[in-house]
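Reader: Could you walk me through this one? I have a few quick questions.

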Amino acid sequence: QQLQNGHEDGSYWVPAEVNVSIRPGWFYHAREDHQVKSLSHLVDLYYRSVGHNANFLLNFPVALNGKISPTDSIRAVEWYQTIQNDLKTNLLKGASVKASNSRGGQFKADKTNDGNWDSYWATEDGVTNATLTFTFRKPTDVNRLMIQEYIPLGQRVKAFTIETEKDDSTTTVGYKRIVRFQTVNADKIRINFLDARGPLCINNVEAFLAPALLTEPEIRRDRKDVVSIRVEDKNSELHYTTDGSVPTK
């Protein structure tokens, strides 16, 4: 159980590891060239692994010629470019920030968005719940939030919520947590740290507006002959037509 879930009171911080192959299996088969993981699937895996405080190891089966299949490498480049584009512009850079509790001095709230990994906001001894409130310079669209603890001092956060125009309850942070949500237009973002194993030590908070991921819709027909059309990115708009006319919602 400890290998799968960790030991909350352990002496060492050991990050989780996610192993996935870009294809159905760990070895190359030409018949699987059409089964390379889709771009949207890889993007989702990134947020579910790296975005959940884990290391992500992506396997590339080597073909009989000793090279990675061009199909696989092209998909990997597309995936890399998409993640880079998602997290390109930090919307909290220059935003004002206030904390409900702080040690003061070199541990003030503004250390969470100063761009320095070795500086961090910390609460007073015994304070394991507090809030950080970031105020944008103007109303801003946002759909990603990254939070990082100062991991040399251990993983501490056990539960937190994010507030914009709705509440999203989440659990641990660790080295890096990236939370995805529907695009909202916000004046402020507030993080409510509800529980921790000790005083809070947060060294980085960033927000982003990731563009809609335009990928081919998934079309399915069930046993009752009902056809459904689905898109991976909830921020995308799906337009379709059944008679060859101009597609609409």
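Author: What follows covers the fold and then the aromatic side chains. This is a predicted model in which local features need pLDDT of at least 70 and side-chain atom pairs count only at pLDDT 80 or more, while totals for chains, interfaces and linings use all residues. Residues are numbered from 1 along each chain as its sequence is written, and side-chain values use heavy atoms, with hydrogens and water left out.

Reader: How many helices and strands does the protein have?

Author: The protein has 3 helices and 11 strands, taken from DSSP runs (helices H or I, at least four residues; strands E, at least two). The order from the N terminus is α-β-α-β-α-β-β-β-β-β-β-β-β-β.

Reader: Ok, aromatics. How many pairs?

Author: The count is 7 aromatic pairs. Rings of Phe, Tyr and Trp (its six-membered ring) pair if their centres lie within 6.5 Å; planes under 30 degrees apart are stacked, over 60 edge-to-face, the rest tilted. One of them, Phe107 with Tyr120, is tilted, at 5.3 Å centre to centre and 45° between the planes.

Reader: What does Tyr120 form with Tyr150?

Author: A stacked pair, 4.6 Å centre to centre with 15° between the planes. Tyr120 lies in the loop between β3 and β4 and Tyr150 in the loop between β5 (130-149) and β6 (157-163), 30 residues apart.

Reader: Is Tyr150 buried or exposed?

Author: Tyr150 is buried, at 13% relative accessibility; Tyr120 is buried too, at 14%. Buried means under 20% relative accessible area (1.4 Å probe, protein chains only).

Reader: Which residues form the aromatic cluster?

Author: Phe107, Trp117, Tyr120 and Tyr150.

Technical notes:
Buried means under 20% relative accessible area, exposed over 50%, partly exposed in between (1.4 Å probe, protein chains only).
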